[in-house]
Amino acid sequence: MIEGIRFDFNSGNLLSLAPQAYAVIVADVEAFQMRYGSTAAIAGKFGKSLNNDGETIEVITPLGVNIKKVTYGDRDPWPAEADGDGFSLELVNPGENPDPNDPSSWGASTAAGGSPGVASGQGGGGGDNTYDAWKIAQFSAAELANEAISGPNGDPDGDSQSNLLEYAAGTLPKDGQSVSSLVVSEDAGHVTVTLTKAGSAAGLTDVLEWATDLQVFSDATSSFSLHSQEDVGGGVSRVIYRSNDSREMIGDNARFVRRRVDLN
Ligand SMILES: [Ca+2]
Ligand SMILES: [Ca+2]
């Protein structure tokens, strides 16, 4: 079928497929179901893996007739988001029988982890923008089984930023160099707080708190307004909040500012 992997549907588990139905072929059934649940119809297993940089895929009938052939890539104009960041390459309108060799027929999955076995963006265990979907894209099956590593409070890269904060801020949970910062500054007499946010992060309470000492923090949400938001790439924005009151009026309240992230 292709250079990297080969799969014969005749020897698989699924010999027919209804119109517009989905099936997957996977490398490891157990690992797949651990990540995505058992909703997807699994036609069978393949060995090896597809190349992240591009490869040719062919679908051939038992009589050797080529039904589809596509050589995908990972460079422009192919969707860059699908290159190694946990997003999958998906046909945008599969029902319209698009030309698979035209890169514009393809897009990156709406959620990290893709949506194997169901239509794009329709869930599938890894298909929504939740912490669970994010961790599936970030961690291996063995790591997912260990809450201390992949759970929201885990910090496997030892950068003192919990997985949950890395999810909210759009940083990498297994790269200690990939960290987010909270920069408190002053702009025209007002307090500004600059931080990064992953645009896809959902299901979170992500708020600013402040305190006059390091003991008692209180919610500062209503004291700040969104000042600016700038796309810094990779689906991450640099967001600046600005205090509604002047620095002078706030007094000591903003001596300490922190970001609190909780799962809803
Ligand atoms: Ca960390
Ligand atoms: Ca990190």
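Trainee: Leaving aside its neighbours within four places in sequence, which residues is Val239 in contact with?

Mentor: Good place to start. This is a predicted model, and in it Val239 is in contact with Leu195, Lys197, Leu226 and Gln229, once its neighbours within four places are set aside. Val239 itself is found in strand S12, residues 236-246.

Trainee: Is Val239 buried, exposed or partly exposed, and why?

Mentor: The idea is to count C-beta atoms around a residue: 20 or more within 10 Å make it buried, and 12 or fewer make it exposed. Val239 has 17 C-beta neighbours inside 10 Å, so it counts as partly exposed.

Trainee: How far apart in space are Val239 and Val59?

Mentor: Their C-alpha atoms are 46 Å apart, and the two residues are separated by 180 residues in sequence. The chain is divided into domain 1, residues 9-128, and domain 2, residues 183-263. The C-alpha centres of these two domains lie 40 Å apart.

Trainee: What box do the C-alpha atoms of the chain fill?

Mentor: Along the principal axes, the box is roughly 80 × 35 × 30 Å. The chain holds 6 helices and 13 strands, and buried residues make up 23% of its 264 residues. As for contacts between residues at least 6 apart in sequence, 50% of them join residues at least 24 apart.

Trainee: Back to S12. In what order do the strands of its sheet stand?

Mentor: To read a sheet, follow which strand pairs with which. This open sheet has 4 strands in the order S7-S8-S12-S11, with antiparallel pairing. Strand S7 (183-187) and strand S11 (224-233) are the edge strands, each pairing on one side only. From one strand to the next, the twist averages 25°.

Trainee: How many bridges join S7 to S8?

Mentor: There are 5 bridges between S7 and strand S8, residues 190-198, and the two run antiparallel. For a landmark, find Val184, which stands opposite Val193 in S8. At the other end of the order, S11 and S12 pair over 8 bridges, also in the antiparallel sense. There, Asp231 stands opposite Ser237 in S12.

Trainee: What lies between S11 and S12?

Mentor: The two strands form a hairpin with 2 residues between them, and Gly234 in the turn has a positive phi of about 65°.

Trainee: Let's turn to helices. Which residues of H1 are buried?

Mentor: They are Phe32, Arg35 and Tyr36. These residues cover an arc of only 75° around the axis, which puts them on the same side of H1. The general idea is that an α-helix has 3.6 residues a turn, so residues three or four places apart point the same way. What covers the buried residues of H1 includes strand S1 (24-26), H2 and H3. After H1 comes Gly37, whose phi is positive, near 80°.

Trainee: How many residues of H2 are buried?

Mentor: Helix H2, residues 131-138, is mostly covered, with 6 of its 8 residues buried. Among them are Tyr131, Trp134 and Ile136. The buried residues of H2 pack against helices H1 (29-36), H3 (141-144), H4 (147-150) and H5 (163-169), and against S13.

Trainee: Where does Gln161 lie?

Mentor: Gln161 is in the loop between H4 and H5. It is buried, with 20 other C-beta atoms within 10 Å. Not counting residues up to four places away in sequence, Gln161 touches Asp155, Glu166, Thr171, Val179 and Ser180. Its C-alpha atom is separated by 8.9 Å from that of Gly176, 15 residues apart along the chain.

Definitions and conventions
Residues are numbered from 1 along each chain as its sequence is written. Chains are lettered from A and ligands numbered from 1 in the order in which they are written. This is a predicted model: local features need pLDDT of at least 70, side-chain atom pairs count only at pLDDT 80 or more; totals for chains, interfaces and linings use all residues. Two strands pair if DSSP finds at least two bridges between them. Axes are lines fitted to C-alpha atoms, for helices over the stretch in contact, and angles run from 0 to 180 degrees between N-to-C directions. Two residues are in contact if their C-beta atoms, placed from the backbone, lie within 7 Å. Domain bounds come from an automatic or database domain assignment. The arc is that of the directions from the helix axis to the C-beta atoms.
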